[in-house]
Amino acid sequence: MPNLRDLSSVACIVGVDESDEMGTLPHKSQLSLHVEAVTNAVRDAGLKMSDVDGIFTAGQHSPATIGEALGITPRYVDGTTVGGCSFIIMVGHAVAALHHGLCDVAVISHGESGRSQVGVSPRRDTAIPGQYEAPYGFGPAPTMFGLITTRHMHQYGTTLEQWAQVAVSTRKWAALNPKALRREPITVDDVLKARPVVWPFTVLNICLVTDAGGAVVLTRADRARDLAKKPVYVRGLGEGTEHVSLTQMKDLTFSEATRISGDKAFRMAGVGPSDFQHIMLYDAFTSGPPIMLESLGIAKRGEGVRFFEEGRSTPGGSLPINTNGGGLSYTHTGMYGIFPIIEAARQLRGECGARQVPNLRTSLVNGMGGMLSAAGTLVLSNER
Amino acid sequence: MEIDRPLPNPMTPEAKPYWDGLREQKLMLPRCNACGHVFWYPRVACPKCHARDIGWVQSKGRGTLHSFEIGHQSFNKAFKVPVPYVLAMVELAEGPRMLSNLINVEPDPKKLKCDIPVEVVFQKLTDEVTLPLFQPAGR
Ligand SMILES: [Zn+2]
């Protein structure tokens, strides 16, 4: 019988980086953002581009397009596209491929001209949103995630003030990250009084929209130890999907995909939900991280917001969350999932300066795709 | 009358009885002939028992407001309903949930509550397209 534990710590993250610039980049195409990020991450690993033989990417460009642009001919490709968490899921796919020798150096690449839309193909309606969502005014993510948020408020009595605490905590971390786009301090009142977009969200409850790339390089643990940077072991990994249309989500206040992905990752790593000193969660909306904590079993149902309002998540707190400043304040291209992996790896290497989490050994990365529709979870550690 | 919303596009073959029903002011829902499961959205296999034998039933058009949002801007050039408007997820008495708008109501979150009873209102857009919207029940 295959044993999940056999995949634990067989491969490591050995290189991470973003594109040369992030923010509003009308002078760069989406494909260039990929190429910049991969070049930078491969250099960070102390490898050559010609060492790369596995390409993983999600979104509009296929792994073949990325390989061609980079000038390499991969012998393993994966284009799993299930939303923004795809890159987190691909770490798991890369670990499995590396373990079985399907490739030796895997690169996970993200590039998205989310703000400037340079070199982006136009979206086309598909049968379900075009037929059953668009006629009522539904469309972009805020018009969907608000339904999850309203139902959570109804069921658990969560308040707008509590959601706002997530934005405030995350902004405090952004202030410590020179790469974060929005670094000026904000208050709960600022969030509540910001421009209303779709109640229950003001603009400060919703992630940024930026242009950026990010990439992650992995190789097997034996080779990782001889490379440029301290290896980050992938101790646990998991993925899951539940739905795409929000009408098909069994319980709007609980993500089954998140639960499935977390259970698998925790079992593989041999850890429990309270064994982390640092957590990276996909914060497209302020209500996302609390609901993810609840779905992962780290918080009781309805109590995820307490991590933020009690200050546990903030700089100096007992459980730092989203230390890069998150999608809310650092960067959010559209498919944000590569960036929490990059931050967790940097934290585990001890490279984060003013925002470094002290004595860090184990970090959790969890992200969603769509509206809590898909999920990926990673347990990362600087020890085997 | 000017059409103030994006028309459904594409209208898929498996949903034809739904769109046909709406033109006659009937809200038709797919129902599995094997296990009786009434589901949303139209598919050629039952999402519960996976049988390929699907029929249709007429909904009573009643349900509850499962969740809602207040739109303060339009997110689609073709959506010209004046702001603020209510985006709704309705749970029909037959079981399935669908997305729609709640109309004939003040779009104020203080005056709306999840789980209030709602009923269907048919809004004709063109000769081809009628949409099911909802309003608080018993108006
Ligand atoms: Zn059935």
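Q: Two strands pair if DSSP finds at least two bridges between them. What makes β5(A) and strand β3 of chain B a pair?
A: In this predicted model, β5(A) and β3(B), residues 62-71, are joined over two bridges. The rule asks for at least two, so the two strands count as paired. Their sense is antiparallel. As for the residues involved, A:Val198 has B:Gly71 in β3(B) as its bridge partner.

Q: Why is the link between B:Asp115 and A:Arg151 called a salt bridge?
A: The closest N and O atoms of B:Asp115 and A:Arg151 are 2.8 Å apart. The cut-off is 4 Å, between a side-chain nitrogen of Lys or Arg and a carboxyl oxygen of Asp or Glu, so this pair qualifies. Across the interface of chain A and chain B, the rule finds one salt bridge. For polar contacts, the count across that interface is 20 residue pairs, with both residues at pLDDT 80 or more.

Q: Which elements of chain A each supply at least two residues of the side that touches chain B?
A: They are α4 (127-132), α5 (142-156) and β5 (196-199) of chain A. The largest share, nine residues, comes from α5(A). By type, the residues of this side of chain A divide into 19 nonpolar, eleven polar and five charged.

Q: How do you know how many residues of chain A and chain B take part in the contact?
A: A residue is counted when heavy atoms lie within 4.5 Å across the two chains, and the contact therefore takes 35 residues from chain A and 42 residues from chain B. Together the chains bury about 3200 Å², with 61% of that area on carbon and sulfur atoms. Three residues, A:Tyr132, A:Tyr136 and A:Trp199, supply 24% of the area that chain A buries against chain B, more than any other three residues.

Q: What divides chain B into parts, and how far apart are their C-alpha centres?
A: A domain assignment, automatic or from a database, sets the bounds. Chain B has domain 1 (10-58) and domain 2 (60-139). The C-alpha centres of these two domains lie 21 Å apart. Their contact takes 13 residues from domain 1 of chain B and 15 residues from domain 2 of chain B. The two domains bury about 1200 Å² between them, 71% of it on carbon and sulfur atoms.

Q: How do you know that B:Glu128 and B:Arg23 form a salt bridge?
A: Their closest N and O atoms are 3.8 Å apart, which is within the 4 Å limit, so B:Glu128 and B:Arg23 meet the rule. One salt bridge is found across the interface of domain 1 and domain 2 of chain B. On the side of domain 1 that touches domain 2, the largest share comes from helix α1 (residues 16-23) of chain B, with four residues. The residues of that side divide into nine nonpolar, two polar and two charged.

Q: What kind of peptide bond joins A:Trp199 and A:Pro200, and what is its omega?
A: The bond is cis, with omega about 15°. A:Pro200 lies in the loop between β5 and β6 (201-202) of chain A. In chain B, a cis peptide bond joins B:Trp40 and B:Tyr41, where omega is about 15°. B:Tyr41 is found in the loop between β1 (28-32) and β2 (54-58) of chain B.

Methods
Residues numbered from 1 in each chain as written. Chains lettered and ligands numbered in written order. Predicted model: local features only at pLDDT ≥ 70, side-chain atom pairs only at ≥ 80, totals over all residues. Heavy atoms only, no water. Buried area = accessible area lost by both parts, 1.4 Å probe. Nonpolar A, V, L, I, M, F, W, Y, C, P; charged D, E, K, R; others polar. Polar contact = N/O pair within 3.5 Å; in protein donor to acceptor, adjacent residues only side chain to side chain.
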